[in-house]
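Student: I am new to this structure and would like to learn how to read it. Please take me through it feature by feature.

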Amino acid sequence: MEGMTRLSVDERPPLGLVRSSSLTDTVYKDMLRLIRDGSWAPRMRLPSEVELARHFGISRPIVRQALARLREDGLIQSRQGSGSFVCNIEREPQVQFPAIGSIADLESFLKFREGVEGEAAAMAAAACSDASLVKISAAAMRLEKTGELELLSENDFGFHLAIAESTNNPFYINTLKSLRDNIRRGIGLAWNFADLRGDFLTGIHEQHQAVVTAIRARDPSNARDAMRTHLSWERARLMGEAGEFLTHTGTSP
């Protein structure tokens, strides 16, 4: 297939990693590598979804999610009736954050998010349009209906990104987009602790709704507090579960 480089078995991630870093994330990174190494050259028309699904050995919905991320990042563009094409991108993303490699990294990351996203929620409450509010509410509902673990982190990120986008402030938007991998990886890590699958997810849904309610009420103070409470609760819960997990398994953090 012209323009495509088949990945060797050694280049593909072990199946055990898919749980913490979703299949969509893995395919996105494979596609990104093809763009960066020139295998998918600027202005090249990408293979169809069917061909990509066959090439990567995945389903078409996963292909669509990975392509959507490439579009959001400005790496490809779609033309109606013509397909998707690689953009002529010559620069790296404007913000580069360190990867989460430990429990301590995750705690520091969540503390950082409390400040940034608390203020983003406050600005969203003060500035968002009715259309943006609909998008935020839809993102929250989409997460509640998520039935596949693989899509959980993507939909959780979508909710937080929708809030950042509603601020109309490019610095919040660019920061959240640059944090995509870390946010998804953090949620993936959370799901490694089995006890989080019930009331943890229920708590997240309730807290997301509290954020939506405050934004809908155009109340910046309550929106800020609701977002900070949400991320603070998530951090405290994760750290507690992580500590208990490490104690029982004898694993070093």
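The dialogue below goes from the overall model to single residues.

Student: What kind of model is this?

Tutor: This is a predicted model, in which local features need pLDDT of at least 70 and side-chain atom pairs count only at pLDDT 80 or more, while totals for chains, interfaces and linings use all residues. Residues are numbered from 1 along each chain as its sequence is written, and side-chain values use heavy atoms, with hydrogens and water left out.

Student: What is the mean pLDDT of the protein?

Tutor: pLDDT is the predictor's confidence in each residue, from 0 to 100. Here the mean is 79, and 77% of the residues reach 70 or more. Over residues 1–21 the pLDDT is below 50, and this stretch has 35 contacts in the model beyond near neighbours in sequence; a contact means heavy atoms within 4.5 Å. Residues 249–253 also have a pLDDT below 50, with 3 contacts beyond near neighbours in sequence.

Student: How many helices and strands does the protein have?

Tutor: Both are DSSP runs numbered from the N terminus: helices are H or I with at least four residues, strands are E with at least two. The protein has 10 helices and 2 strands. In order from the N terminus, the elements are α-α-α-β-β-α-α-α-α-α-α-α.

Student: How much of the protein is buried?

Tutor: Buried means under 20% relative accessible area, exposed over 50%, and partly exposed in between (1.4 Å probe, protein chains only). Of the 253 residues, 47% count as buried. As for contacts with a separation of 6 or more, 74% come from residues 24 or more positions apart.

Student: Where does R180 lie, and is R180 buried or exposed?

Tutor: R180 belongs to helix 8 (residues 180–190). R180 counts as buried because its relative accessibility is 2%. Leaving aside residues up to four places away in sequence, R180 touches R69, E72, D73, E154 and F157.

Student: Which phi does N168 have?

Tutor: The phi of N168 is positive, about 60°, although N168 is not a glycine. N168 sits in the loop between helix 6 (149–166) and helix 7 (170–178). With 58% relative accessibility, N168 counts as exposed.

Student: What can be said of R218?

Tutor: R218 is not a glycine, yet has a positive phi of about 60°. The loop between helix 9 (199–216) and helix 10 (220–249) holds R218. Its relative accessible area is 34%, so R218 is partly exposed.
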